Amino acid sequence: MADNGEEDHEHRIKEGDHVVLKRGGIFKAVQIQPKKKLIFEKQWFFLDKAVGHLYGTAFEIASGGELQPQAAKNTENPPDTKEAGTDNRNIVDDGKSQKLTQDDIETLKEQGLKGQEIVQQLIENSSTFRDKTGYAQDKYIKKKKKKYENTVEILKPSCRILAMMYHGREPGKICHLRYDTLAQVLTLANIHAGSKVLVFETCAGLVLGSVMERMGGYGSVINMYAGVGPVRMGVESFGFPAHFHETLTDFPICNVNALLKGNLDTAAKDATADEKLLQLAEEEEPNLREAEQQDSPSEQNMDSNTAEDVGQDPEEKRREAKAQEKKMKLEEKRKKLAAAAALLEDRDADGLVIASRFHPCPVVLGLLKFLSPSRPFVVYSQYKEPLIECFTKLKEQGGTVNLRLTDTWTRHYQVLPNRTHPVLQMSGGGGYLLSGTTIATHTSKPAAPQQTDEPAPKRPKLENTEG
Amino acid sequence: MSFVKYSDFIQEGDVVIIHLNHNSTIPVKVQKGAQTQTRYGVIRHSTDLIGQRFGSKVTCSKGGWVHVLHPTPELWTVSLPHRTQILYTTDIATITMMLELKPGSVVCESGTGSGSLSHAILRTIAPTGHLHTVEFHQQRAEKAKEEFREHRVDHLVTVRNQDVCKDGFGVRGVADAVFLDIPSPWEAVGHAKAAMKKQGGRICSFSPCIEQVQRTCDALSDHGFDELSTLEILLRVHEVRTVSMPLPDFGPDFLNPSEPDAVKEESAPVHAAVTIKTTTPPREIPGHTGYLTFATKPRG
């Protein structure tokens with residue numbers, strides 16, 4: 001595996017990388033950390049031995065939780081099936097067909113038998129296997145393989161994988177945004193390199209990260225957030241190169257009104273405001289940490305490193321250092337706020353994506369003001385009714401065209417010779433989207449006086465489409 | 001104006017999308033002195049379009065008005081001239097995500113068709129990616145080339161006029177992703193594999209018929225592709241409506257005599273109704289476009 005190493009450098013697993021573990025259709029996003037014990041699919045192991053191997057490698061979990069690259073591709077050769085029945089008329093479910101007991105299987109495992117070998121044992125000890133039809137035999141093998149397999153693949157993260165992972169594992173964290181709905185969001189919002197996009201989301205950073213991936217580090221993304229700070233662990237899971245993060249700025253939604261009025265104080269000369277911010281920052285800290293703690297140990301480290309020299313003159317020095325630190329942090333924060341405000345001020349953003357558990361109405365009405373005319377926006381909601389309300393308000397208010405309330409219906413298929421049919425279980429719904437395009441609300445050109453008669457021709461039309 | 005970069009004002013030579021109403025848009029190439037006829041009257045390019053801001057309202061000669069929009073691949077999809085069946089945005093969005101396209105991706109596509117998907121791919125892979133698109137119909141290939149030039153994305157795309165099943169994509173070992181929309185995709189799977197990078201990538205085949213899917217999946221497995229997944233996706237539109245639902249009159253409420261109004265209402269029956277905001281589905285929708293089959297080419 002170690003041949004032609006150099007050209008493959010970027011395809012090798014490195015310490016600190018954010019990766020995705022895969023087995024069958026199950027994914028888990030983790031960071032490669034030395035001697036870190038992981039549990040995935042009820043098995044524990046360490047990722048240390050994966051470092052240096054290529055992405056896409058399948059590993060076997062050996063005793064002691066060490067990973068071993070899987071020897072040659074274990075081609076899915078089903079054990080030779082010599083005999084097969086023609087139908088299931090003689091198969092009776094009496095619970096006696098398998099001669100191996102659970103204890104026997106455990107012993108086999110302890111003896112270090114690989115998944116494949118255990119499956120072979122199961123087949124040999126099954127009294128009904130030979131009477132099953134060829135199809136049923138395939139199905140049996142597949143099922144047992146899944147149960148006793150102990151391999152894990154390590155993949156590079158991507159929007160596709162993370163969207164499917166979140167949807168499969170923790171849909172509640174991403175407002176039940178299904179992967180294909182996210183795909184629609186990214187396309188309908190025309191997310192592309194070099195644009196300026198506003199994102200308001202409470203989907204753990206999945207939506208934000210997906211937008212950033214589509215922008216490839218070109219342009220700017222402004223993460224509008226509610227509350228004390230943006231919660232976006234998911235963005236880390238994408239494992240973006242450092243320069244991607246330079247395109248990302250934050251703006252607290254509680255400052256939107258001030259910004260729109262033109263009295264947002266980013267210079268913060270007066271002390272009271274300073275103080276207030278300081279207080280806010282203090283209150284924020286524990287909250288933020290709590291939010292981040294959910295699954296990123298690396299972030300914590302950075303935080304706890306701050307108190308370094310607690311050597312001499314303990315109290316005073318520490319307090320001073322702390323104050324100094326806070327000041328710096330505050331300054332940094334103010335600078336960032338000013339930078340984000342500067343991006344928003346001209347109200348010339350190229351796209352808006354909203355996907356949150358907040359009522360979308362005030363959010364879309366408030367943030368739409370920051371878009372240039374002729375730019376797309378997309379609002380996701382798990383529920384349809386709030387989007388109906390948004391639709392109605394936007395129609396009344398004007399300033400948009402191509403308004404459309406949609407959702408997508410997705411069905412997966414099993415494709416096998418003579419056994420092709422839809423998969424039996426399917427997702428019942430993936431959330432709703434309201435999409436549209438902004439238009440100029442006031443004509444800057446000579447034709448201005450007509451502006452007042454705009455509602456007149458629009459009224460009857462509106463009633464037509466809605467009545 | 002470019003399909004991969006927004007601008008604010010309309011210039012000569014731009015392609016703009018005239019939005020007439022909800023389901024009617026037309027693409028227009030802006031030229032000095034030119035005119036475009038719409039059902040609301042004439043649009044004069046020199047005065048009505050050039051120098052105007054994208055998104056502006058334009059009043060036509062008959063007094064009606066339209067909006068002039070910046071082109072996007074999605075607006076192009078609903079307004080482009082059809083030379084073939086085209087892929088629509090719902091499928092395109094899924095393809096884009098499942099092929100893991102992003103800035104810098106190198107993509108192979110066949111056939112080019114009317115270029116609906118091509119524009120969406122180009123938008124996503126710009127500014128550093130490249131699209132190799134193969135179309136066996138010569139006129140269609142030429143027309144696509146011309147459109148890419150007009151839409152200022154020609155630096156990102158190579159159009160080849162050849163038969164992908166016979167001659168492949170004309171490149172080897174460069175593609176991160178391959179898309180097939182041809183009658184017999186299984187014949188092109190080998191070429192697709194050859195076009196892909198050594199470290200692997202993603203492939204998608206779009207076919208309307210399940211028999212095609214069956215053969216394609218067989219070919220993909222035979223060529224060592226992993227993670228085969230076939231799905232179909234449909235768009236459901238919810239039309240927002242205000243409906244008024246009348247309430248029936250049950251007559252005077254003798255069971256509840258404590259209500260003195262009951263008698264009064266009898267003399268002048270009120271036609272009570274409840275007004276609600278709801279949505280209805282369109283009477284008819286596209287119920288099938290095609291099956292999308294995705295797979296991963298492993299390293300090697």
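1. Helix axes are taken here as lines fitted to C-alpha atoms over the stretch in contact, with angles running from 0 to 180 degrees between N-to-C directions. In this predicted model, the axes of helix α4 (residues 159–169) of chain A and helix α5 (residues 179–188) of chain A cross at roughly 135 degrees and come within 9 Å. Helix α4(A) is therefore oblique to α5(A), since angles over 145 degrees would be needed for roughly antiparallel.

2. The contact between these two helices can be described residue by residue. From α4(A), A:Cys159, A:Ala163, A:Met164 and A:His167 take part, and they meet A:Tyr179, A:Leu182 and A:Leu186 of α5(A). Sorted by class, the contact of α4(A) with α5(A) comprises 6 nonpolar residues, 1 polar residue and no charged residues.

3. For chain A, the domain assignment gives domain 1 (96–148) and domain 2 (166–262 + 335–370). A distance of 49 Å separates the C-alpha centres of domain 1 of chain A and domain 2 of chain A.

4. A:Asn150 belongs to the loop between α3 (134–148) and β7 (151–155) of chain A. With a relative accessible area of 16%, A:Asn150 is buried, because the limit for that class is under 20%. When neighbours within four places in sequence are left aside, A:Asn150 is in contact with A:Arg23, A:Gln43, A:Phe59, A:Glu60, A:Ile61 and A:Gly115.

5. Over all chains, the count of salt bridges comes to 24. Within chain A, A:Glu389 pairs with A:Lys393, and the closest N and O atoms are 3.3 Å apart. Both A:Glu389 and A:Lys393 lie in helix α14 (residues 385–397) of chain A, at a spacing of 4 residues, about one turn of the helix. A:Glu389 is partly exposed at a relative accessible area of 34%, and A:Lys393 is partly exposed at 35%.

6. In chain B, a salt bridge joins the side chains of B:Asp14 and B:Arg152 at 2.9 Å, N to O. B:Asp14 lies in the segment before β1 (15–21) of chain B and B:Arg152 in the loop between α5 and β9 of chain B, so this pair ties together parts that are 138 residues apart in sequence. The two partners fall into separate accessibility classes: B:Asp14 is buried, with a relative accessible area of 0%, whereas B:Arg152 counts as partly exposed at 32%.

7. B:Glu147 also forms a salt bridge, with B:Arg83, the closest N and O atoms being 2.8 Å apart. Helix α5 of chain B holds B:Glu147, and the loop between α2 (73–79) and α3 (89–98) of chain B holds B:Arg83, so the pair ties together parts that are 64 residues apart in sequence. B:Glu147 counts as buried at 5% relative accessibility, while B:Arg83 counts as partly exposed at 24%.

8. Salt bridges also link residues of chain A and chain B: A:Arg160, B:Glu100 and B:Glu227 are linked in a network.

9. B:His155 is found in the loop between α5 (138–150) and β9 (157–160) of chain B. At 53% relative accessibility, B:His155 counts as exposed, because the threshold for that class is over 50%. B:His155 and B:Gly41 are separated by 114 residues in sequence and by 37 Å in space, C-alpha to C-alpha.

Conventions: Residues are numbered from 1 along each chain as its sequence is written. Chains are lettered from A and ligands numbered from 1 in the order in which they are written. This is a predicted model: local features need pLDDT of at least 70, side-chain atom pairs count only at pLDDT 80 or more; totals for chains, interfaces and linings use all residues. Side-chain values use heavy atoms; hydrogens and water are left out. Angles under 35 degrees count as roughly parallel, over 145 as roughly antiparallel, 65 to 115 as roughly perpendicular and the rest as oblique. Contact means heavy atoms within 4.5 Å. Ala, Val, Leu, Ile, Met, Phe, Trp, Tyr, Cys and Pro count as nonpolar, Asp, Glu, Lys and Arg as charged, and the others, Gly among them, as polar. Buried means under 20% relative accessible area, exposed over 50%, partly exposed in between (1.4 Å probe, protein chains only). A salt bridge is a side-chain nitrogen of Lys or Arg within 4 Å of a carboxyl oxygen of Asp or Glu. Domain bounds come from an automatic or database domain assignment.
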